[in-house]
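The sequence and the structure come before the discussion.

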Amino acid sequence: MDKALLTYDEIIDIEHENYEAYFHKALINSKLKNFEIALSNYDLAIKIKPDFEEAYVNRGVILSTLMNPIEALKSFDLAIKFKSNHAIAYNNKGNVLTELSRFDEAIENYKRAVKINPDYADAFNNIALLQLLLGNYEEGWKLFEWRWKGPQKNEFRDFKKPLWLGNEPIKNKTILILAEQGFGDFIQFYRYCILLEKLGAKIIIETPKELTSLIKNQNKSNIIVTKGEPFPEFDFYCPIMSLPLAFKTNIHNIPANLPYIKIDSEKLNFWRSKLIKKKRMKIGIVWSGAQNKETDFNRSLTLSQLSPLFELPVDFYALQKKIRNTDKDYLLHSNNIYDYHEQIEDFSDTAVLISEMDIIISVDTSVAHLAGALDKPLWILLPYVADYRWMIDRIDSPWYPSATLFRQKEINNWDSVVSSIVRSLNSYI
């Protein structure tokens, strides 16, 4: 990429008005996450070519990433001004309107996108996620199948055996459940495997390596295949996130018989010997998720942003396996945050640590889902408009009855969320 940047710099040195060179420099810098530089290059391209609709679209995406949704909307509107049938601009505008909690306008823009392009899978997928966010599960789960033609098209696997979406009897049949998306998604929807067992199905569960030990400790009659390994023979298959559709899930019949995850008793003894023996309240804490996740900028914090919490007379236990460089110094100098990340091997270890805590405080990560599945008291820090599974305006979750949701009151303002958690925690001390 560096060589490509040099090439475009050479072109610009010769051709100062080459808007395409600035555009391609912006694309490269965007991939490198040099967002401010990319934004500057898009602006230079637009200065040379004021009707450059593609530059306006990409500029809007970066502005949204930089938490500037109002300017992002203006950029998408300019793209549409210069190209009225720009489906991608309408779709991206819908995303920003969703972030602003302007849901009716968002739906309108998504629908304009699919009217222009009836096969626009990303737009259909976004409609699905918004319907799920609003609790319109019947329509949402159906439209969610568009993910295989849109954001997950590269993950689609076509088997000779039939896809099961709840229409055929599966008693005494073998069904393969396919892993997809993140660890938290897998944990959340693993609950449906219990419903499959009640239907009399024999179950093969494809499982991410990091979750294999945990899932093997559940129902011993299920066959667990670590992702990447060959499958035994099966009669039907179903991606794990299609199970809510197969079971006709609505807001009133979410399977919430918790806990539906068991911990490893041998590992419990091991971790009890490791934990600091103190009488103070034990709080498990997770403040950041995987950096490669597209929406990480909207959900992760630094440890210093949570500093008011650490002034309380309780003990905190870091439950995340990866510590970012920006947090290591804070962690090193803390006197009430205990860190075992180098000793956590997989989620079966994390599950045991969760079981030993009084409360789990977490951003929207797989650890939060695991704590919910274990039915532990769970406090989740959420952005202004959260992921679809947390819905809108609720402080509780029908997916995890033990959870309490702490939401931003305005975009990118975590201070009020942290203050609310401090007040709530004070009432326990």
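The model is predicted, so local features are reported at pLDDT of at least 70 and side-chain atom pairs only at pLDDT 80 or more, while totals for chains, interfaces and linings use all residues. Residues are numbered from 1 along each chain as its sequence is written, and side-chain values use heavy atoms, with hydrogens and water left out.

## Nonpolar cores

In soluble globular proteins, nonpolar side chains tend to be buried together. A nonpolar core is taken here as a set of buried Ala, Val, Leu, Ile, Met, Phe, Trp, Tyr and Cys residues joined through side-chain atoms within 4.5 Å, where buried means under 20% relative accessible area, exposed means over 50% and partly exposed lies in between (1.4 Å probe, protein chains only). The largest such core has 107 residues, and the members that touch the most others are Trp141, Ile175, Ile177 and Leu370. Helix α8 (residues 121–133) supplies the largest share of this core, seven residues; helices (H or I, at least four residues) and strands (E, at least two) are DSSP runs numbered from the N terminus. A second, separate core holds 28 residues, including Leu306, Phe310, Ile361 and Trp414.

Which residues does Leu370 contact, leaving aside its neighbours within four places in sequence? With contact meaning heavy atoms within 4.5 Å, the partners of Leu370 are Ile187, Leu214, Ile261, Phe347, Thr350, Ala351 and Ile354.

## Helix α11

Helix α11 spans residues 191–198, and its buried residues are Arg191, Tyr192, Cys193 and Leu196. Among the elements that cover these buried residues are the strands β1 (174–178) and β2 (202–207), together with α10 (183–189) and α13 (243–246). After α11 comes Gly200, which has a positive phi near 85°.

## The α14 and α16 pair

Two packed helices are described by the angle between their axes and the distance between the axes. For α14 and helix α16 (residues 347–355), the angle is about 65° and the axes are 9 Å apart; axes are lines fitted to C-alpha atoms, for helices over the stretch in contact, and angles run from 0 to 180 degrees between N-to-C directions. On the side of α14, the contact is made by Lys267, Leu268 and Trp271, and on the side of α16 by Ser348, Asp349, Val352, Leu353 and Ser355.

## Salt bridges

A salt bridge is a side-chain nitrogen of Lys or Arg within 4 Å of a carboxyl oxygen of Asp or Glu, and by this rule the count comes to 18.

| Pair | N to O distance |
|---|---|
| Glu138 and Lys142 | 3.9 Å |
| Glu206 and Arg157 | 2.8 Å |
| Arg280 and Asp315 | 2.7 Å |

Glu138 and Lys142 are separated by about one helical turn, because they are four residues apart in helix α9 (residues 137–143). Both Glu138 and Lys142 are exposed.

The salt bridge of Glu206 with Arg157 links distant parts of the chain, with Glu206 in strand β2 and Arg157 in the loop between α9 and β1, 49 residues apart. Glu206 is buried at a relative accessible area of 1%, whereas Arg157 is partly exposed at 29%.

Arg280 and Asp315 meet in a salt bridge, and because Arg280 lies in the loop between α14 (265–274) and β5 (282–286) and Asp315 in strand β6 (residues 315–318), the pair ties together parts that are 35 residues apart in sequence. Arg280 is partly exposed, with 34% relative accessibility, while Asp315 is buried, with a relative accessible area of 0%.

## Backbone

Most residues other than glycine have a negative phi, and most peptide bonds are trans. The bond from Leu258 to Pro259 is cis, with omega near -5°, and Pro259 is found in the loop between α13 and α14.

Asp375, which is not a glycine, has a positive phi of about 65°; Asp375 is located in the loop between α17 (366–373) and β9 (378–382) and is partly exposed at 33% relative accessibility. Met391 is likewise not a glycine and has a positive phi of about 60°. Met391 sits in the loop between β9 and β10 (403–407), and at 8% relative accessibility Met391 counts as buried.
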